[in-house]
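The following note is intended for a colleague who is meeting this structure for the first time.

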Amino acid sequence: MHQIQRLATEIVSKVLTGRNLTETLSDALRQNPTLTPQQKGAIRDLCYGTLRHYNQLDALVKRMVLHAPSDARISMLLMIAIYQLRFTSAAPYAIVDHAVKLTAKWFEPGKGLVNAVLRRVQREGNKLWAEACQKPAIRYGLPQWWLEKWQKDYPSNWEAIAEASLSHPPMSLRVNPHHTTPTDYLQLLSNEGMDAAIIAENAIKLAQPVPVDRLPHFQEGWVSVQDAGAQASARLLDVADGMKVLDACAAPGGKTCHLLEQHSLTLTALDIDATRLKRVEENLQRLQLTAALKVGNANQPKTWWDGQAFDRILLDVPCSASGVIRRNPDIKWHRLAKDIATFVKEQSDILEAIWPCLAAGGKLLYATCSVFPEENQDQISQFLAKHPDAKLEPLSDNSPYLQYFPSADTDGFFFARLVKQ
Ligand SMILES: C[S@@+](CC[C@H](N)C(=O)[O-])C[C@H]1O[C@@H](n2cnc3c(N)ncnc32)[C@H](O)[C@@H]1O
């Protein structure tokens, strides 16, 4: 286990100095080819979990360790081991024993401290945790500016949003109607001993996450992994067979593939990032679907557009990703309050540039995985004020927009549908 603790300590430390979690984790796993799938899964869980609960673990360690050891890895190792003690089913004696041995390798005099802290957490963990996590920003694992923003933007439900953003995200599947139905696939999962439930039209939520190679017929394209909230976009874009559709920010292709599973379309999948666009290609291949792939900047249609207007445009813009922090917990520690204005400007530029590509009578679905109003309803209100030829088409009886907040079934997503007059 100490290899797992050591790698998790190194990865989380790098992420906290500004590196991307997904890339740092996959680099580390590649550099350690002898790790078993179980060990890889455990490292992944430790890194994601520790970053999700970083504020709490940091507060607890600071409370218990008045003079931090000179080797900074020891404080990080303590957080990793406390996360293991509180949130995993690993045997407590092994967690403590391996953390002490790893400390001895790094800095012999530190092992007494590590042993004492972890044993105390074993004995009095709940009490210590409650004492350390009294401030809301610590309790909900958020930077202070972020917490204050949610308190201001959502005075009545900020706690529910913050609580759900700290939870373990669900693993949801999108069932491909070319191969099976949600009910039949549920049975296949059950035959393999996996508990699951249908939570939306084509969406199945698994009771426990599993590696995709355990999913029946995954390689043959029967299902894809996609959050149930993200799956709303295919319905909301309101497409019909034969339409000419642009997915203007397409990679890695979840929404492109969903649209093509549902309808026969002439679809262009555009993305500025050639490496990410490769993933769209891989997803299309697995699902045996076809789209025209283009590397290009949605902000500069002249460089990639043939001038033929699109009937439908999906604009899933780059955003703060504040609705999906439980899946990407490094975002909480990398974002700064001032970044929001940068995203808003980028989104507004793309929206302005792409609007002329939409046919008269056509529809554009604007989407983000954000729960910050500036990137969502405020952005759309400002666009509508400048564009008399744009009308908002309500997405439900009581709201012109659709805002999903992080919850047991969905991540945070925002949708607005514009019609061109
Ligand atoms: C939220 S992700 C899209 C997710 C995708 N729609 C899906 O469902 O799988 C945003 C994407 O926009 C791309 N992007 C960012 N700026 C862009 C631009 N100016 N033009 C085109 N694509 C852009 C990013 O590379 C990223 O792949």
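How many helices and strands are there in the protein?

1. Overall make-up. The protein has 17 helices and 12 strands; helices (H or I, at least four residues) and strands (E, at least two) are DSSP runs, numbered from the N terminus. Its radius of gyration, taken over C-alpha atoms, is 23 Å, close to the 22 Å that the globule rule gives for 421 residues, so the protein is as compact as a globular protein of that length. The globule rule is 2.2 Å times the number of residues to the power 0.38. Along the principal axes, the C-alpha atoms fill a box of roughly 70 × 45 × 40 Å.

2. Basis of the note. This is a predicted model, in which local features need pLDDT of at least 70 and side-chain atom pairs count only at pLDDT 80 or more, while totals for chains, interfaces and linings use all residues. Residues are numbered from 1 along each chain as its sequence is written.

3. Of the 421 residues, 42% count as buried. A residue is buried if 20 or more other C-beta atoms lie within 10 Å of its own, exposed if 12 or fewer, and partly exposed in between, with C-beta atoms placed from the backbone. Among contacts with a separation of 6 or more, 70% come from residues 24 or more positions apart; two residues are in contact if their C-beta atoms, placed from the backbone, lie within 7 Å.

4. An unreviewed UniProt entry lists Cys249, Ala250, Ala251, Pro252, Gly253, Gly254, Lys255, Asp271 and Asp316 under "binding site". These residues span 68 residues in sequence, yet no two of their C-alpha atoms are more than 12.9 Å apart, so they gather at one spot. Such annotations may be inferred rather than shown by experiment.

5. Two listed residues. Gly254 is found in helix 13 and is buried, with 22 other C-beta atoms within 10 Å. Asp271 lies in strand 6 and is likewise buried, with 25 other C-beta atoms within 10 Å. Leaving aside residues up to four places away in sequence, Gly254 touches Ser224, Gln226 and Ala230, whereas the contacts of Asp271 include Cys249, Ala250 and Ala251.
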